[in-house]
Amino acid sequence: MLKTGAEHLDSLRDGRVVYIGSERVHDVTAHPAFRAAAETVSSIYEMKRAPENLDITSYEEDGERFSSYYLRARSRDDLWKRTQTHKKIADLTFGLFGRSPDHVAGLLTGLAMKADVLDQKSGFRGNLLNHFDHMRRNDTYPSYAVIPPAGVRHADIYAGEKREDPGLRVVEETDSGVVLSGMKMLATGAVFSNEILIGNLTPLAAEFKEYAITCALPCNSPGLAMWARRPYAQTATSEMDYPLSFRFDESDVVVVCDRVEVPWEKVFIHNDAELSRGCYIMTPANCFSNHQSNVRFWSKMSMLVGLASRVCQSSGNDKIPAVREQLGRLAALEGAIAGMVHGQVMAYEDWPGGPEGYVCFNRRYMYAALNWCTENHSAIIDLVRELVGGHVLQMPADSSVLENPELRAQFENYFATPFMDSITRWKLLKFTWDLIGSEFAGRHTLYEKFYGGHSVIVRNQSYREAPWDDFHAIVDDALAAIPVPGIPGINAMDR
Ligand SMILES: Cc1cc2nc3c(=O)[nH]c(=O)nc-3n(C[C@H](O)[C@H](O)[C@H](O)COP(=O)(O)OP(=O)(O)OC[C@H]3O[C@@H](n4cnc5c(N)ncnc54)[C@H](O)[C@@H]3O)c2cc1C
């Protein structure tokens, strides 16, 4: 079943507990801090079920129709269908929603393509597969909180320090399930989602078994509260002043649990620290979710190039050869990420295989793109900053100017350029400021550094997947070909 936008919004009015500071938000679809972003999420659901998109955004299995981001790929065409679906979703938000419904859905789909790994020690394979089926049948929006708190990652570093960590962990086992208490960071998009996956995407020291719990929590679970960071829409004076803060803040929350009961059928891993992290790289889970991140970055990059060019056009700077060179550089960077996304599909892998013949995006190319995005985003934003100059600070403080006829006439007269009228220029420059200078922009800079884990984690993925034997063979052959007095070199033609 493909949900309508209205049905999704309805599903968020479920009694969930969300706090902004000490204020309890009772309805995220109505509260000014979240309302417009909730509408953005709703529009994703509408786009997905529009008849002209269905071929790409959905698939049929056993007579039922599901969202394509729940498709377990068996061919390059299936992978491409996933990519195109991510692109359509990301284009709707200019790549500004990192955890749109397709991100964690990709991770769960990847797990469901090799769910046997969950049975290695814990026997929860069936739970995961049933949960996957429940998610796709209800077109559920999942988010996740999968980073262990700092104190439980490296027991060796903290040796000798007695810690009472407040991190989310199992505090009791019962016949019906487990009981969780503590906090877990940082669930992006959770206030607009239906379920939160709890787990560990980064390493967890073996002795902290109780933190290894991997399970699904409905957002309205009794005892669960979401503590939001400052929602940027709340301080945006109007959509015209802060167009992105107003409509595209996906929000981040810390998940706080006070004796939340999780039934066994929603538990996927328990008491196994190694597997709680390993399951994402032993299956296509990490690759599928981060492929979405790569596609999302591509959407953002296309928007950034268009934006920088329009700002330069509005000032006439686009006619300066040195400026065109910088715009060309930006366009080349956009082409680079587009190529990296396509390469992951073209060079796909016959993995994890199995009786169903499942396939995956090229993992190495995906991790390389992840590293590229993480490394380059700040520099790209800086390049855009340089190109737009001080224009972004020349606009009036807020749009109340337009409500005063005298001031409006002056604004329309003085703030135009020979190349752009003043109102269009206002929108363009406020949009740009929200991307490179506002608090919303600052959050994005941080997000692009950390969404796949910090740089050490991201690069370690590439280290792990690299074909070192092949790389070493190149060097070893080259060295062997160098003649040493008394020992003949191996001719390149003979190798
Ligand atoms: C905007 C935003 C959205 C997020 N959304 C989500 C989400 O949806 N779900 C989720 O689960 N998490 C989310 N996160 C959390 C994110 O995954 C973590 O921030 C990230 O993994 C880094 O962990 P940390 O913040 O605890 O920083 P730390 O691990 O404390 O790292 C901070 C810095 O310390 C240094 N450092 C730490 N460890 C090492 C090491 N071993 N070697 C060398 N240097 C090291 C590095 O310089 C690193 O950058 C989000 C974070 C941000 C900023």
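User: So two residues are in contact if their C-beta atoms, placed from the backbone, lie within 7 Å. With that in hand, which residues in helix 9 meet helix 11?

Analyst: Keep in mind that this is a predicted model. From helix 9 you get Cys287, Asn290, His291, Ser293, Asn294, Phe297, Leu304, Ala308, Val311 and Cys312. Facing them in helix 11 are Arg363, Met366, Ala369, Leu370, Cys373, Ile380, Val384, Leu387 and Val388.

User: How many residues of that contact are nonpolar, polar or charged?

Analyst: The contact of helix 9 with helix 11 has 14 nonpolar residues, 4 polar ones and 1 charged.

User: And at what angle do helix 9 and helix 11 pack?

Analyst: About 20°, with the axes 10 Å apart; helix 9 covers residues 285-315 and helix 11 covers 363-388. Angles under 35 degrees count as roughly parallel, and therefore helix 9 and helix 11 are roughly parallel to each other.

User: Is the crossing of helix 9 and helix 11 left-handed or right-handed?

Analyst: The crossing of these two helices is left-handed.

User: I'm curious about Cys215. What's opposite Cys215 in strand 12?

Analyst: Val267 stands there. Cys215 in strand 9 is also the bridge partner of Ile198.

User: Why is strand 9 called largely enclosed?

Analyst: Because 4 of its 5 residues (strand 9 is residues 214-218) are buried, strand 9 is largely enclosed by the rest of the structure. Buried here takes 20 or more other C-beta atoms within 10 Å of a residue's own.

User: What about strand 11? How many bridges pair strand 7 and strand 11?

Analyst: There are 9 bridges between strand 7 (residues 177-188) and strand 11 (residues 252-263), in the antiparallel sense. Strand 10 (residues 224-228) runs antiparallel to strand 11 as well, joined by 5 bridges. Val255 of strand 11 turns up in both pairings: Lys184 has Val255 as its bridge partner, and Met226 stands opposite Val255.

User: Last one, Tyr45. Is Tyr45 buried or exposed?

Analyst: Tyr45 is in helix 2 (residues 35-49). The residue is buried, since 21 other C-beta atoms lie within 10 Å.

User: And what does Tyr45 touch, not counting residues up to four places away in sequence?

Analyst: With those left out, Tyr45 touches Lys3, Thr4, Gly5 and His8. Thr4 is 41 residues from Tyr45 along the chain, yet their C-alpha atoms are separated by 5.7 Å.

Methods. Residues numbered from 1 in each chain as written. Predicted model: local features only at pLDDT ≥ 70, side-chain atom pairs only at ≥ 80, totals over all residues. Buried ≥ 20, exposed ≤ 12 C-beta atoms within 10 Å, placed from the backbone. Pairing = 2+ DSSP bridges. Axes fitted to C-alpha atoms, helices over the stretch in contact; angles between N-to-C directions. Parallel < 35°, antiparallel > 145°, perpendicular 65-115°, else oblique. Left-handed = near helix turned anticlockwise from the far one by under 90°. Nonpolar A, V, L, I, M, F, W, Y, C, P; charged D, E, K, R; others polar.
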